[in-house]
Amino acid sequence: MGNPTAFIQVQRRATPTRPPLERIHDWSETHPHLAEQELRDQGSRCMDCGIPYCHTGVLISGMASGCPINNLIPEWNDLVYRGQWREASVRLARTNNFPEFTGRVCPAPCEGSCTVGLDGDPVTIKSIEQEIADRAWDEGWITPRPPAVRTGRSVAVIGSGPAGLAAADQLNRAGHAVTVFERAGRIGGLLMYGIPNMKLDKGVVDRRVGLMEAEGVTFRTAVTVGADITADELLASFDAVVLATGATVARDLPVPGRELGGIHLAMSFLRGNTRRLLDGGADAEPPISADGRDVVVIGGGDTGTDCVGTAIRQGARSVRQLELLARPPLTRAADNPWPEWPKVYKLDYGQEEAQALWGEDPRRYSTTTRRFIGRNEHVTGIEIADVTMAPGADGKVALRDVPATNQVIPADLVLLALGFVGPEPVLPRAFDCELDARGNVRAGADRMTSVPGVFAAGDCVRGQSLVVWAIREGRMAAEGVDRYLSRPY
Ligand SMILES: Cc1cc2nc3c(=O)[nH]c(=O)nc-3n(C[C@H](O)[C@H](O)[C@H](O)COP(=O)(O)OP(=O)(O)OC[C@H]3O[C@@H](n4cnc5c(N)ncnc54)[C@H](O)[C@@H]3O)c2cc1C
Ligand code: SF4
């Protein structure tokens, strides 16, 4: 700890964002960089407190507290404070395969458990991480480093999201021959086709994939395992297999009127938009367009926020967002103490843009959707009602409708962002892998499934989660595979 009193003297400075009314006219990332001295000052705020929950990654009350990949945060904060950026990037690479992704999109559970945040504002860990990663690329410190020795063993990784990529990266470094199979036309999973460009520029994903290719990983796109190549063929051709196929089955909303035109799953909207930006450019027509429409996004999470930001950029006439749960408090509730993940109200980028355009946060909390209303087979409105936590006739406290609160809001484009229920079961079944009670692939601590030599990682094991957890999962599976391939025969 270079400056023991900086956490008192230096105020937190979060990464600035470009003004909302400027950035809605393009698809570029929302965050410019902080100046170098500013970041060094921010790094100095780390107390090297001796109880660094920031890098523990434990689950408390079901939520991540601290960094799930155990980034060595106090160490690189100090190196940044001293201006030793290259050493910081080496430290960061020890635990994180893709800091240029997490530095941009991670919700930063590390900051929620930072000790400075106990009685003040936490260290800006995520911004520092992004800057270390970006600098390492810009300065040319990241170059292909293929393994010196190959083991002669081969691994097939199915799915190229962050879990598959992290597994592939680790296994390739260990000297195994890795082939990644991806059914989409581009590598990256939700990094490519889920998270919009304004949060993660697709060139950042392609740059990392290029590096992995130069280091010896083989990528095969537009190959659906289970259709274009069977599970048996893969098992016969590779020494081990990693399933990293994500949790892609979206939760639907089967209320009356769901069959009307103009009601879409969020991923269809987001994927279509990213595809047209990559293939046709910003002037091409998106397959599902919000241009001139009254858009209602159902679901108040991150995917919903991405729909809000994307609909605004496409030229929506209005955007509303419906959330079933109550609005969170502005500060931690008594039952949500440090170092738990703080469940507090936040204005994310999409809502900030809607507020700048129309004067208010577009989210309406404690709201349920009763039915969709339409004309000529197309949605025109939604009947909604208020809900509240209340005891029912059985005495159980649950979300219940508030009588006489029904109203109809206009909508000619509805986007369902209600989360994901789990992985598609077809492929795990083709490999004969057991599923757990929630329909996720069952895997042990080494991420081996019920089938020897078949491993699984990421959202297909955990259910819908975060990029940082997917990286952790991929690293765990790689360790399991490496141990499996190194076992005595
Ligand atoms: C819209 C959206 C925004 C998000 N924003 C954030 C965010 O800001 N921050 C964050 O931390 N997390 C975010 N997440 C969550 C995060 O993206 C996921 O948790 C993470 O990508 C999961 O990684 P994964 O590798 O397990 O799966 P995925 O990224 O889903 O990748 C799975 C891949 O497997 C491929 N696949 C599936 N079946 C087959 C098959 N049979 N053959 C070949 N390939 C196959 C799929 O095409 C896909 O490319 C977001 C999610 C969504 C949907
Ligand atoms: S990966 Fe996420 S949790 Fe870990 S240090 Fe970076 S921002 Fe924090």
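## Where helix 14 meets helix 15

In this predicted model, Thr305, Asp306, Val308, Gly309 and Ile312 of helix 14 touch Tyr349, Gly350, Gln351, Glu353, Ala354 and Leu357 of helix 15. Contact here has a cut-off: the C-beta atoms, placed from the backbone, lie within 7 Å. Helices (H or I, at least four residues) and strands (E, at least two) are DSSP runs, numbered from the N terminus. Sorted by class, this contact has 5 nonpolar, 4 polar and 2 charged residues. Ala, Val, Leu, Ile, Met, Phe, Trp, Tyr, Cys and Pro count as nonpolar, Asp, Glu, Lys and Arg as charged, and the others, Gly among them, as polar.

## The whole chain

Zooming out, the protein chain has 18 helices and 18 strands. Its C-alpha atoms fill a box of roughly 70 × 60 × 55 Å along the principal axes. Of contacts between residues at least 6 apart in sequence, 68% join residues at least 24 apart.

## Reading the numbers

Residues are numbered from 1 along each chain as its sequence is written, while chains are lettered from A and ligands numbered from 1 in the order written. Local features need pLDDT of at least 70 and side-chain atom pairs 80 or more, while totals for chains, interfaces and linings use all residues.

Methods:
Two residues are in contact if their C-beta atoms, placed from the backbone, lie within 7 Å.
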